[in-house]
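Work through the exercises below with the sequence and the model open. Try each task before reading its solution.

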Amino acid sequence: DRQDRQSSYGGGDMLSWQIGAVKVTRIVEMQMPIPAGPDNGFIAEATPTALRAIPWLYPHFVDEQDRMLLSIHALLVEAPGLRLVVDTCVGNDKPRSLSGGRALATDFLKAFEAAGWTRDSVDAVICTHMHVDHVGWNTMLVDGKFVPTFPNARYLLGRIEFEHWSSEGDAEQQAILADSVQPILDAGLAEFVGLDHVVSPNVRL
């Protein structure tokens, strides 16, 4: 049951780590416990027996019930002259099958601000791909309309990825494009990039 998979929304441990001149901070939108076994839809080989053979997975990545703890999060990348958001989770106010057909109402933006960032301070956003849990906070609902969450950012979208999903995918995937990608295009904030795009001297695809 999808509803049984729901766990905490927002919060989570705000992990940060330094990579040379670049600081990366994880902002968790939600964590979903996924039952182990071949029917979980993620990793068929992740049976309880296989998971228990890897003790370091417990308790941070697998719980006492042998459920894998799927983290849906964004990464805030702070490099010289650049504030970059990598992947924007599911987003609020968008009913999705991932959340049992319900729209989320998380404190994601509060956690974002707690990390010392503002929506206006973001220079660029990258969606590694266009699945439901990677594009949601591209936009937010304002006065009944989805508008760009980060109004001063360049949204760097993979050209190959966009072209694929523009002609493929089910009705929900098309809804994801409509409310989480199209408003970015309409606002003139999208930049289609190749697989080797250089974002800054410190960050490249």
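**Exercise 1. Cysteines**

Task: count the disulfides, meaning pairs of cysteine sulfur atoms within 2.5 Å.

Solution. The structure holds 0 disulfides. Take C89: the nearest cysteine sulfur belongs to C127, 10 Å away. Next, check burial (buried means under 20% relative accessible area, exposed over 50%, partly exposed in between, with a 1.4 Å probe and protein chains only). C89 is buried at 0%. C127 is buried too, at 6%.

A note on the source: this is a predicted model, in which local features need pLDDT of at least 70, side-chain atom pairs count only at pLDDT 80 or more, and totals for chains, interfaces and linings use all residues. Residues are numbered from 1 along each chain as its sequence is written, and side-chain values use heavy atoms, without hydrogens and water.

**Exercise 2. Strands around β3**

Task: find the strands that pair with β3 and give their direction. Strands are DSSP runs of E, at least two residues long; helices are runs of H or I, at least four; both are numbered from the N terminus. Pairing needs at least two DSSP bridges.

Solution. Start with β2 (residues 22-35). It runs antiparallel to β3 (residues 67-79), with 12 bridges. Here P33 faces L69 of β3. Then take β4 (residues 82-86). β3 and β4 are also antiparallel, over 5 bridges. V77 sits opposite L84 in β4. Last, look at the turn. β3 and β4 make a hairpin with 2 residues between them, and G81 there has a positive phi of about 75°.

**Exercise 3. Nonpolar cores**

Task: which residues touch the most other members of the largest nonpolar core? A nonpolar core is a set of buried Ala, Val, Leu, Ile, Met, Phe, Trp, Tyr and Cys residues joined through side-chain atoms within 4.5 Å.

Solution. The core has 41 residues; V85, F108, F112, V122 and M130 touch the most other members. Elements giving it two or more residues include β2, β3, α3 (108-114) and α6 (171-180). Follow F112. Beyond its neighbours within four places in sequence, its contacts (heavy atoms within 4.5 Å) include I27, L76, V85 and W117. A second, separate core has 13 residues, among them V77 and L156.

**Exercise 4. Helix α6**

Task: list the buried residues of α6 and their packing partners.

Solution. Q173, I176, L177, D179 and S180 are buried. The buried residues pack against α4, β6, β7, α5 and α7.
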